[in-house]
There are 2 protein chains.
Amino acid sequence: MTTSDMRHHGDDPATPARLRRTPSRLLSLAAAHADRLVGAGLATADARKWHYAVLAALQESGPASQATLSRRTGIYRSDLVAVINELAERGHVERAPDATDRRRNVITLTGKGRDQLNHLDTLLASLQDDLLAPLDAAEREQLADLLTRLIAHHSRTTDDT
Amino acid sequence: MTTSDMRHHGDDPATPARLRRTPSRLLSLAAAHADRLVGAGLATADARKWHYAVLAALQESGPASQATLSRRTGIYRSDLVAVINELAERGHVERAPDATDRRRNVITLTGKGRDQLNHLDTLLASLQDDLLAPLDAAEREQLADLLTRLIAHHSRTTDDT
DNA sequence: CACCAATCGTTAGTGGGACAAACGTTTATG
DNA sequence: CATAAACGTTTGTCCCACTAACGATTGGTG
């Protein structure tokens with residue numbers, strides 16, 4: 001096999017013009033590249049991106065219930081169960097019933113979890129740098145800004161209080 | 001249920017600062033919004049995004065084998081089988097054995113397929129417009145440019161000829 | 001206080017997307 | 001002619017987003 005069996009789904013020879021510059025497609029492709037990149041990087045540290053999200057949330061706001069973590073990280077509470085399980089297995093987090101509200105579990109960051117978080121912080125920083133390699137500082141700012149605005153706009157769906 | 005059972009995974013109250021501006025996360029979120037938006041829109045027309053990709057490829061370059069379509073659209077050849085099945089069911093495409101190379105199937109766009117493509121073209125255009133609503137023309141250009149460069153950069157992986 | 005609604009953690013399941021592996025068939029090449 | 005490669009297909013894996021339902025618990029209202 002000279003040419004890789006299937007190339008990394010990058011941009012191919014004769015991609016239809018209509019697809020080539022479709023914004024939603026560009027977003028998907030870029031996100032896919034980003035996901036593969038950070039996914040592979042985090043796998044190095046026996047972690048997935050949700051692990052990082054939970055650890056970061058715990059450090060920044062202290063112990064929390066799973067429901068709270070779900071809101072803070074955007075992880076569905078259904079999926080959070082598995083994430084907490086994995087983190088608990090690795091000793092990065094502790095799950096204990098909440099004495100004051102027995103419906104809840106209190107999730108606490110352990111010392112080992114804090115170490116892991118520090119590790120992931122530096123790892124993530126270098127991965128983001130790889131990801132944005134072709135862009136200079138100003139362009140990185142621009143991209144972050146544009147994406148943030150897109151997201152903010154589309155987050156306003158079915159809003160009620 | 002006053003507040004939706006689970007909000008659309010948009011940006012939540014107290015998202016950790018570290019996550020808030022992480023480029024890979026912004027990309028994923030924006031892509032997710034985009035995917036949901038166009039996915040829902042295309043569902044209206046009983047289509048998925050890969051349908052559009054295949055139809056566009058066929059119209060722009062004429063009848064092709066599945067392998068060729070795979071290269072042009074970036075769909076894995078394994079997954080393309082189902083896409084072609086769906087398009088064939090709907091009569092948008094015809095699958096016939098290639099007389100000159102009996103390993104291949106020749107996929108041909110039908111009249112009905114061309115109609116559907118036209119429909120999807122206008123539909124897609126309006127969806128892209130919804131997606132980019134918060135950005136002006138110059139910013140849309142910028143975004144497309146930045147994403148294109150990111151993608152181009154990361155497509156160069158394991159290159160050999 | 002009794003009742004009902006809401007919240008929480010959890011299990012199970014759906015559907016899409018990206019991808020690997022293997023297989024039978026067919027074509028190209030040394 | 002033998003072997004390698006290409007093609008279409010099936011099957012299966014992994015991750016992500018999301019829905020539905022349940023048992024246990026708590027809070028609010030009449």
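This note walks through chains A and B of a predicted model.

1. **Overall make-up of chain A.** Chain A has seven helices and three strands. Read from the N terminus, the elements run α-α-α-β-α-α-β-β-α-α. Of the 161 residues in chain A, 34% are buried. Look also at how far apart the touching residues are in sequence. Among contacts in chain A with a separation of 6 or more, 46% join residues 24 or more positions apart.

2. **The sheet of chain A.** As background, strands of a sheet pair through backbone hydrogen bonds, either parallel or antiparallel.

3. **Strand pairs, bridge by bridge.** S2(A) pairs with strand S3 (residues 105–109) of chain A over five bridges, in the antiparallel sense. S1(A) and S3(A) are also antiparallel, and pair over two bridges. Find A:Val106 in S3(A). A:Ala96 stands opposite A:Val106. A:Val106 is also the bridge partner of A:Ser65.

4. **Two packed helices in chain A.** Two packed helices are described by the angle between their axes and the distance between the axes. Helix H3 (residues 49–61) and helix H5 (residues 77–89) of chain A pack at about 80 degrees. Their axes are 10 Å apart. The angle makes H3(A) roughly perpendicular to H5(A), because angles of 65 to 115 degrees count as such. Which residues make the contact? From H3(A) come A:Trp50, A:His51 and A:Val54. From H5(A) come A:Val83, A:Glu86 and A:Leu87. By type, the residues of this contact divide into four nonpolar, one polar and one charged.

5. **H3 of chain A on its own.** H3(A) has 13 residues. From its first C-alpha to its last, H3(A) reaches 18 Å, close to the 18 Å expected at 1.5 Å a residue. Its buried residues are A:Lys49, A:His51, A:Tyr52, A:Ala53, A:Val54, A:Leu55, A:Ala56, A:Ala57 and A:Leu58. After the helix comes A:Gly62, with a positive phi near 80 degrees.

6. **H3 of chain B.** Does the span of this helix agree or disagree with its residue count? Helix H3 (residues 49–61) of chain B has 13 residues, which should span 18 Å at 1.5 Å a residue. The end C-alpha atoms are 18 Å apart, so the two agree. The buried residues of H3(B) are B:Lys49, B:His51, B:Tyr52, B:Ala53, B:Val54, B:Leu55, B:Ala56, B:Ala57 and B:Leu58. B:Gly62 follows the helix, and its phi is positive, near 80 degrees.

7. **What H3 of chain B packs against.** The buried residues of H3(B) pack against elements of both chains. From chain A, the partner is helix H1 (17–20). From chain B, the partners are helix H2 (23–44), helix H4 (66–73), helix H5 (77–89), strand S2 (105–109) and helix H6 (111–131). Take care with strand labels here.

8. A:Asp46 is found in the loop between helix H2 (23–44) and H3 of chain A. Its phi is near 55 degrees, a positive value in a residue other than glycine. Is A:Asp46 buried or exposed? A:Asp46 has 10 C-beta neighbours inside 10 Å, so A:Asp46 counts as exposed; the limit is 12 or fewer. Turn to chain B. B:Asp46 sits in the loop between H2 and H3 of chain B. Phi of B:Asp46 is positive too, near 55 degrees. B:Asp46 is exposed, with 10 other C-beta atoms within 10 Å.

9. **B:Ser155.** This residue lies in helix H7 (residues 137–155) of chain B. B:Ser155 has 16 C-beta neighbours inside 10 Å, so B:Ser155 counts as partly exposed. How far is B:Ser155 from B:Gly111? They are 44 residues apart in sequence, and 35 Å apart in space, C-alpha to C-alpha.

Note on methods: Residues are numbered from 1 along each chain as its sequence is written. Chains are lettered from A and ligands numbered from 1 in the order in which they are written. This is a predicted model: local features need pLDDT of at least 70, side-chain atom pairs count only at pLDDT 80 or more; totals for chains, interfaces and linings use all residues. Axes are lines fitted to C-alpha atoms, for helices over the stretch in contact, and angles run from 0 to 180 degrees between N-to-C directions. Helices (H or I, at least four residues) and strands (E, at least two) are DSSP runs, numbered from the N terminus. Angles under 35 degrees count as roughly parallel, over 145 as roughly antiparallel, 65 to 115 as roughly perpendicular and the rest as oblique. Two residues are in contact if their C-beta atoms, placed from the backbone, lie within 7 Å. Ala, Val, Leu, Ile, Met, Phe, Trp, Tyr, Cys and Pro count as nonpolar, Asp, Glu, Lys and Arg as charged, and the others, Gly among them, as polar. Two strands pair if DSSP finds at least two bridges between them. The expected span of a helix is 1.5 Å times one less than its number of residues. A residue is buried if 20 or more other C-beta atoms lie within 10 Å of its own, exposed if 12 or fewer, and partly exposed in between; C-beta atoms are placed from the backbone.
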